[in-house]
Amino acid sequence: MATAVAPALPGQVLADLLPASRVRDAALVLGGAGLVGIAAQIAVPVPGSPVPVTGQTFAALLVGTALGAGRGLAALVVFALAGLAGVPWFAEGGSGTSVSFGYILGMLLASAVVGALARRGADRSMPRMAGTMLVGEAIIYAIGVPYLALAADMSASAAIAAGLTPFLIGDALKAALAMGVLPTAWKFLNR
């Protein structure tokens, strides 16, 4: 049995191709929050840093671009509120606030921004998707690193060394993966 998918129109994100309903939107928001929570469990400790490398930043940006600004932000709000309420799905099974909570706050804003960019077609080509991911990552670090400095009582240079520098290569790889996933999905769906 085939499921009807609407043709892609300008101003749409991938989630808009599914038949519109409040149930769809709720399922997408909850599914997006769950995806970020699952991706946060893919965590690798970084020597000398209280912040691990995780899949949650990639998932947060992917959720934002695929769902759009409103649903992407809603998914990250659900993720953050559930983690604050005790659901152990922050990095390494954590919950509540920690020195890395600023990155989660950054993901909230970044998901909305990349979702807005995707609605303007930034997810339709590899170069534009690369730029979108870089903007999203920059927002996450712009909030996460200063929060880390304050929460861990670090100098700005120590927070950059512990909370930014070790992650740049991994973020470049995540951006490259996103560059392939979303534009390819659009090409496939437009056939």
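This report describes annotated spans, salt bridges, aromatic contacts and a surface patch in a predicted model.

## Basis of the model

The model is predicted: local features need pLDDT of at least 70, side-chain atom pairs count only at pLDDT 80 or more, and totals for chains, interfaces and linings use all residues. Residues are numbered from 1 along each chain as its sequence is written, and side-chain values use heavy atoms, with hydrogens and water left out.

## Annotated spans

An unreviewed UniProt entry carries the annotation "transmembrane region" for residues 25-46, 58-91, 97-118, 130-150 and 156-182. UniProt positions follow the numbering used here, feature names are shortened, and annotations may be inferred rather than shown by experiment.

Helices (H or I, at least four residues) and strands (E, at least two) are DSSP runs, numbered from the N terminus.

## Salt bridges

The structure contains six salt bridges, each defined as a side-chain nitrogen of Lys or Arg within 4 Å of a carboxyl oxygen of Asp or Glu. Asp-25 takes part in a salt bridge with Arg-24, where the closest N and O atoms are 2.8 Å apart. Asp-25 also meets Arg-71, at 3.1 Å from N to O. Because Arg-71 belongs to helix α3 and Asp-25 to helix α1 (residues 22-40), this pair ties together parts that are 46 residues apart in sequence. Arg-24 is buried at 13% relative accessibility, as is Arg-71 at 13%, whereas Asp-25 is partly exposed at 26%. In these terms, buried means under 20% relative accessible area, exposed over 50%, and partly exposed in between (1.4 Å probe, protein chains only).

A further salt bridge joins Arg-124 and Asp-123, at 3.7 Å from N to O. Asp-123 is buried at 0% relative accessibility, while Arg-124 is partly exposed at 25%. Through shared partners, salt bridges join Asp-16, Arg-24, Asp-25, Arg-71 and Arg-119 into one network.

## Aromatic contacts

Five aromatic pairs are found in the whole structure. Rings of Phe, Tyr and Trp (its six-membered ring) pair if their centres lie within 6.5 Å; planes under 30 degrees apart count as stacked, over 60 as edge-to-face and the rest as tilted. Phe-90 and Phe-101 have ring centres 6.1 Å apart and planes at 50 degrees, so this pair is tilted. Phe-90 lies in the loop between α3 (69-84) and α4 (101-119) and Phe-101 in helix α4, so the contact ties together parts eleven residues apart in sequence. Both residues are buried: Phe-90 has 5% relative accessibility, and Phe-101 has 7%. Ring pairs link Phe-79, Trp-89, Phe-90, Phe-101 and Tyr-147 into a cluster.

Arg-124 also lies over the face of Trp-186, at 3.6 Å from the ring centre. A charge sits over a ring if NZ of Lys or CZ of Arg is within 6 Å of the ring centre and within 35 degrees of the ring normal.

## Nonpolar surface patch

On the surface, Leu-73, Val-77, Leu-81 and Leu-84 form a nonpolar patch with about 310 Å² of accessible area together. Leu-81 is placed in helix α3 and is exposed, with a relative accessible area of 53%. Patches are made of residues with over 30% relative accessible area and no salt bridge; like charges are joined within 9 Å, and nonpolar side chains (Val, Leu, Ile, Met, Phe, Trp, Tyr) within 5 Å. Accessible areas come from the Shrake-Rupley method with a 1.4 Å probe; for residues, only the protein chains shown count as cover.
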